[in-house]
Amino acid sequence: MEQIISLQNIAKKFKDKKAVDDISFSIKKGEIVAILGPNGAGKSTTMLMMLGLLEPTSGSINIFNRNPKEKQVRERIGAMLQEVSVIDALKVKEVIQLFRSYYPNPMEFAELVTLTGLNDEDLKRKADKLSGGQKRRLGFALALAGNPDVLFFDEPTVGMDISSRKRFWDTIQALKERGKTIIFSTHYLQEADDIAERILLFNEGVIVADGTPKEIKKQLSKQSVSFIDPGNLSLEELQSLPIVRDVYRKNNRVYVVTEQTDDVLEYLFSTKEKVQGIQIEQGRLDEAFAELTENKEAI
Amino acid sequence: MKTILTQCKYEIIRIMRNPYYVFWSLFMPIVFYVVFTKIFNSNIENQQEWQAHYLMSMTTFSVMGSAIMTLGIRLVEERTKGWSMFMRITPLSDSAYFFAKMVGQTVIHVLSIAVIFTAGALINGISLSAFEWLMSGLWILVASAPFLAIGVVIGTMKRVDTASGISNLIYMLLAISGGMWMPMEIMPKVIQNIGQWLPSYNFGNGAWQIIRGNAPEWSNIFILFGYLVVFVILSSYIRRKQEAAV
């Protein structure tokens with residue numbers, strides 16, 4: 001498939017702090033990609049650089065093989081930023097019409113209204129008098145106004161209630177079916193897992209994992225084999241095995257953290273030790289993700 | 001082109017819906033005009049000339065105000081609320097956006113001039129020749145450029161509060177010491193000396209000359225042009241510095 005966005009060795013420094021450190025990835029047409037990571041991982045910075053709103057300190061970004069700042073690119077992208085800002089003194093209807101006028105092939109007004117769930121009353125209100133949720137809807141409508149090929153959403157569901165959230169993701173699915181490429185950032189693992197076909201996992205300014213939700217989950221989650229502590233078992237020996245990531249004792253049990261539980265079992269049986277009460281634990285994904293987040297905050 | 005026209009249209013709508021504009025740039029100048037030509041007008045020799053003179057004072061006062069305040073504060077607001085940044089995602093270029101703002105502002109000035117001139121004609125039955133009406137209106141429109149440039153400089157400020165405080169102060173100081181509220185002749189000598197170098201006095205004086213059947217003085221044109229150049233350079237310098245800081 002056609003590659004439409006590419007980032008090569010992108011780094012961004014704010015004063016002395018590195019927000020993004022030498023990342024590279026590309027996105028193909030029609031993909032729905034989640035940029036997942038804890039706060040401060042560099043998600044928004046990366047998003048803003050892709051939109052041409054921030055200049056990378058080094059590296060290059062191309063969208064449709066062009067610089068993101070070019071008019072030809074802007075005509076084909078739409079975005080909803082984290083802070084939805086609205087123009088004052090204009091009605092919702094007027095702001096949408098104004099935005100439609102910027103693009104060569106705007107989306108039909110009626111369609112925008114249906115997709116974003118704005119009602120007649122909202123349309124007549126002044127944009128700066130809207131509630132938080134209504135502002136988000138307007139922001140969504142403005143992102144779609146130009147009927148763009150690529151859509152960017154920076155933490156789109158923050159501040160949305162459950163039903164708006166569901167509605168939003170349903171619309172995103174519908175847009176994906178029309179062949180739109182969608183990139184969104186989130187710090188909710190669940191959202192990334194439910195919606196995205198591909199997750200770019202960010203932490204501390206680097207991409208720590210890139211793959212399908214299934215692959216990411218496998219990489220993130222810790223499986224372990226545990227058994228009742230026989231007392232005389234050498235943990236060092238277990239630890240030295242290449243398939244074992246970690247070994248520890250807890251509540252009178254021995255835990256062996258591994259990606260290959262079958263191989264660990266085979267080894268245990270081969271030692272002829274009397275291991276009892278074997279359990280295999282599928283580590284919980286959200287815990288693993290929380291751990292990643294905590295590590296970040298501890299720094 | 002259609003895009004720019006739409007943008008201009010909405011810029012005009014936005015200014016018209018701004019209560020500060022309607023109050024300070026239309027309502028107050030007319031109130032002042034009534035007060036100073038209908039109520040406190042007892043010992044003035046040439047009533048006819050005073051009425052026309054003060055109409056020019058109030059029109060220049062109005063246009064100067066919307067150029068500095070409406071434009072400047074709005075620019076700061078749009079930036080602090082993130083709107084300016086959001087606009088950069090759209091295909092509308094910065095220069096087109098700025099151009100539309102200037103056109104919108106100019107249309108609003110035409111409207112202010114028309115409303116205040118009409119009010120003056122109705123209230124005092126001022127009789128200027130068609131040529132004088134037209135030329136004074138044109139002068140006010142064109143010579144407002146340095147004040148728009150001041151508005152753009154105000155527009156580079158970081159906070160709305162600062163911008164509105166400072167622009168208010170500049171506006172009032174310029175209006176008073178430039179002879180827009182009271183004629184320069186009755187001001188203390190010191191203010192007269194300073195005032196003749198201020199953009200407000202030179203702006204007003206051009207119009208005051210026209211209604212007396214003269215042309216604006218060359219010094220008025222030069223001084224205003226000088227201010228225009230200085231403020232345009234200043235605002236583009238500040239903007240470049242701010243952009244470099246990102």
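## Cavities and the A–B interface

The lining of the largest cavity is made up of four nonpolar, four polar and three charged residues, where Ala, Val, Leu, Ile, Met, Phe, Trp, Tyr, Cys and Pro count as nonpolar, Asp, Glu, Lys and Arg as charged, and the others, Gly among them, as polar. This is a predicted model, in which local features need pLDDT of at least 70 and side-chain atom pairs count only at pLDDT 80 or more, while totals for chains, interfaces and linings use all residues. Residues are numbered from 1 along each chain as its sequence is written, chains are lettered from A in the order in which they are written, and side-chain values use heavy atoms, with hydrogens and water left out.

The structure holds four cavities of 30 Å³ or more; a cavity is a set of points, on a 1 Å grid over the protein atoms alone, where a 1.4 Å probe fits but cannot get out, and its lining residues have an atom within 4 Å of a point. The volume is the space filled by probe spheres set on the points, which are joined across faces, edges and corners.

| Cavity | Volume |
|---|---|
| Largest cavity | about 120 Å³ |
| Second largest cavity | about 50 Å³ |

Among the residues lining the largest cavity are Leu115(A), Arg136(A), Phe140(A), Met160(A) and Phe168(A). Two or more lining residues come from each of helix H4 (109-116), helix H6 (132-144) and helix H7 (162-177) of chain A, helices being DSSP runs (H or I, at least four residues) numbered from the N terminus.

The second largest cavity is lined by Glu11(B), Ile15(B), Thr70(B), Leu71(B), Arg74(B), Lys101(B) and Gln105(B), a set of two nonpolar, two polar and three charged residues. H3(B) gives the most to this lining, with three residues.

At the interface, 21 residues of chain B and 27 residues of chain A take part in the contact, which means heavy atoms within 4.5 Å. The two chains bury about 2,500 Å² between them, 65% of it on carbon and sulfur atoms, buried area being the accessible area (1.4 Å probe) that two parts lose on being put together, summed over both. In chain B, Trp83(B), Ile89(B) and Pro91(B) lose the most area to chain A, together 29% of what that side buries.

Three salt bridges are counted between chain B and chain A, each a side-chain nitrogen of Lys or Arg within 4 Å of a carboxyl oxygen of Asp or Glu; one of them joins the side chains of Arg17(B) and Glu94(A) at 2.8 Å, N to O.

Definitions and conventions:
1 Å grid on protein atoms, 1.4 Å probe; cavity = no way out; pocket = protein on both sides within 12 Å on 5 of 7 lines; lining within 4 Å.
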